[in-house]
Amino acid sequence: MTDEENDRYRAPALDKGLDILELLASVDGGLTQADIARGLGKSPNEFYRMLDRLVRRGYVARQEGDRFCLTLKLFALSHYHAPLRRLTSFATPIMRDFANLARQACHLAVFDRGAVVVISQQDSPTYWGLSIRTGAQMSLFNTGSGHVLLAFRSNEERQMMIEERQRIQEDVIVPADLQQKLTGVVERGFEAMESAQTRGVLNLSAPILSADGSAIAALTCPYIAPVGPIETNVDQIIDYLKQAASRISRVVQGKTPD
């Protein structure tokens with residue numbers, strides 16, 4: 001869509017409301033009306049009525065000290081999305097089985113609007129482990145989940161995913177060796193790579209496949225090697241992860257998990 005078409009179909013009131021929600025979502029503890037005005041670069045009079053409507057509709061709450069914050073209504077709405085709700089309900093018991101068997105945490109991620117988004121996570125049953133919070137957004141290009149979601153797609157779908165990321169973040173750099181890495185992921189059937197975000201973590205990721213072989217999600221274990229006697233090695237963890245991903249895939253495809 002061209003800039004001219006974007007201007008033609010603008011909805012200023014809707015944009016104003018979304019600007020307020022996005023600003024409040026970016027901070028903890030809420031903001032005063034003056035804070036919101038500064039954050040949006042507008043005068044309070046320009047958005048007062050919109051803010052009042054958001055409060056009345058239950059998306060924003062007024063706190064003591066004339067501060068405004070998001071309620072949980074958007075969070076609740078996100079869980080009405082039937083496909084994701086079904087996927088997480090199918091995957092949760094299998095993820096729990098994996099975590100108990102591997103004694104590691106794991107999470108389930110999907111591609112959404114140019115990013116990798118965590119839609120479910122399972123803690124390690126031990127006292128230690130790395131958990132990624134539900135709703136967290138991660139890179140498409142330097143995470144195990146991102147590599148898996150890109151690798152198990154057609155060339156056309158993969159290019160569309162990359163272009164969507166570039167539209168959202170114009171200065172994003174696509175690694176020169178990305179295609180080579182994705183080819184390796186397909187050949188192995190999983191990704192194993194050092195975390196680009198946290199030292200000492202090995203990201204192990206396997207695809208959740210639809211009936212046509214496309215990755216609709218990635219199951220990832222941020223593996224942390226325990227100190228002392230190790231009951232399971234990395235190769236065993238990878239086997240457990242692939243088995244869990246295969247079980248979820250079978251359920252997604254309408255088959256029995258085992």
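This note goes through the structure point by point, from the whole chain down to single residues.

1. Overall picture. The model discussed here is predicted, and its protein chain contains ten helices together with nine strands.

2. Of the 258 residues in the protein chain, 39% are buried. The protein chain exposes about 15,000 Å², and carbon and sulfur atoms supply 51% of that area. When contacts with a separation of 6 or more are considered, residues 24 or more positions apart account for 54% of them in the protein chain.

3. Helix 2 against helix 3. Two packed helices are described by the angle between their axes and by the distance between the axes. Helix 2, which covers residues 12-25, packs with helix 3, residues 33-40, at an angle of about 105 degrees, and their axes are 10 Å apart. Angles of 65 to 115 degrees count as roughly perpendicular, and helix 2 and helix 3 are therefore roughly perpendicular to each other. Where the two helices meet, Asp19, Ile20, Leu23 and Leu24 come from helix 2, while Ile36, Gly39 and Leu40 come from helix 3.

4. If residues up to four places away in sequence are not counted, Gln33 touches Pro44, Phe47, Tyr48, Leu51, Asp66 and Phe68.

5. Helix 7 and its cover. Helix 7, made of residues 144-151, is mostly covered, since eight of its eight residues are buried. Among these buried residues are Gly144, Ser145, Gly146, His147 and Val148, and the list also includes Leu149, Leu150 and Ala151.

6. Helix 7 against helix 8. Helix 7 packs with helix 8, residues 155-168, at an angle of about 135 degrees, with their axes 9 Å apart. That angle makes helix 7 oblique to helix 8. On the side of helix 7 the meeting residues are Leu149, Leu150 and Ala151, and on the side of helix 8 they are Arg158, Met161 and Ile162.

7. Ile162 in helix 8. Ile162 lies in helix 8 and is buried, with a relative accessible area of 11%. Leaving aside its neighbours within four places in sequence, Ile162 is in contact with Phe141, Leu150, Val174 and Leu178. By contrast, the C-alpha atoms of Ile162 and Glu64, which are 98 residues apart along the chain, are separated by 44 Å.

8. Arg103 and its backbone. Most residues other than glycine have a negative phi. Arg103 has a positive phi of about 60 degrees although it is not a glycine, and a reader may wish to find this residue in the model. Where is the place of Arg103? It is in the loop between helix 6 (82-102) and strand 4 (106-112). Arg103 is partly exposed there, with a relative accessible area of 36%.

Key: Residues are numbered from 1 along each chain as its sequence is written. This is a predicted model: local features need pLDDT of at least 70, side-chain atom pairs count only at pLDDT 80 or more; totals for chains, interfaces and linings use all residues. Side-chain values use heavy atoms; hydrogens and water are left out. Helices (H or I, at least four residues) and strands (E, at least two) are DSSP runs, numbered from the N terminus. Buried means under 20% relative accessible area, exposed over 50%, partly exposed in between (1.4 Å probe, protein chains only). Contact means heavy atoms within 4.5 Å. Accessible areas come from the Shrake-Rupley method with a 1.4 Å probe; for residues, only the protein chains shown count as cover. Axes are lines fitted to C-alpha atoms, for helices over the stretch in contact, and angles run from 0 to 180 degrees between N-to-C directions. Angles under 35 degrees count as roughly parallel, over 145 as roughly antiparallel, 65 to 115 as roughly perpendicular and the rest as oblique.
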